[in-house]
Amino acid sequence: MHISQAIQLTCIDKTAMESSLHYPIFGADIICPHCRQTIQALTLTDSYLCDRHGAFEANPDTEELVHLQSKRHWKRWEDKWYRQHTHPDGIRFEIHEALDRLYTEGYRATKITIAHRYQALVNRSLELKSMLMHPSENPDGDAKKSTVAYLYGLPVSFSDIGDRQPKWQIVNFELETEPGVPRRYPYHYLVRE
Ligand SMILES: [Zn+2]
């Protein structure tokens, strides 16, 4: 056998072998949601192993990644992991971190949109304020009071309940931003050194 034939055969063998390997649903490797380093799948299992954070298990039915030690869940949208919160502190803390990051980048948030699926979870964390609606904003044409919800001093709305975009089943919130320093920094009970 010529050496070129031998090399060709080896290549075919390798391809055949790789395609027969069973990887978890997210593929041969993923980014660890905790430390963002690339971590490998353990073949023939549904697990990924991070040398710092231990095992993560992919659930093919729910398309979630579960950290076995902490039982935290993530879903992936456009190559980013979004933690799926089950406690109001979790989502509040994540929003808080995002506002903090914006501040260090020279931006401020003007509005928060939270995924509708969290409405029941975060409702009690929101501060409600009555606002006088301008007559032009009111279909009846007269000044009327409406209630606006706030978190960290920013107006909050929820993704539309009728919005069946898969994105809003995975991502947690979005911030509307503009360049500049926050008007009322620190955000409510945010403490900075
Ligand atoms: Zn890690």
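## Exercises on a predicted model

The protein averages a pLDDT of 85, and 78% of the residues score at least 70; pLDDT is the predictor's confidence in each residue, from 0 to 100. Over residues 189-193 the pLDDT falls below 50, and this stretch has five contacts in the model beyond near neighbours in sequence (contact: C-beta atoms, placed from the backbone, within 7 Å). The model is predicted, so that local features need pLDDT of at least 70 and side-chain atom pairs count only at pLDDT 80 or more, while totals for chains, interfaces and linings use all residues. Numbering starts from 1 along each chain as its sequence is written.

**Exercise 1.** Describe the overall make-up of the protein.

*Solution.* Step 1: the protein contains four helices and twelve strands; these are DSSP runs, helices being H or I of at least four residues and strands E of at least two, numbered from the N terminus. Step 2: of the 193 residues, 16% count as buried. A residue is buried if 20 or more other C-beta atoms lie within 10 Å of its own, exposed if 12 or fewer, and partly exposed in between, with C-beta atoms placed from the backbone. Step 3: among contacts with a separation of 6 or more, 49% come from residues 24 or more positions apart.

**Exercise 2.** Determine the strand order of the open sheet of seven strands and identify its edge strands.

*Solution.* Step 1: the order is S1-S2-S3-S4-S5-S6-S7, with antiparallel pairing; two strands pair if DSSP finds at least two bridges between them. Step 2: S1 (29-31) and S7 (80-84) each pair on one side only and are the edge strands. Step 3: neighbouring strands of this sheet are turned by 35 degrees against each other on average, direction ignored (axes are lines fitted to C-alpha atoms; angles run from 0 to 180 degrees between N-to-C directions). Step 4: S1 and S2 (residues 38-42) pair in the antiparallel sense over three bridges, and Ile30 stands opposite Ile39 in S2.

Notes: Two residues are in contact if their C-beta atoms, placed from the backbone, lie within 7 Å.
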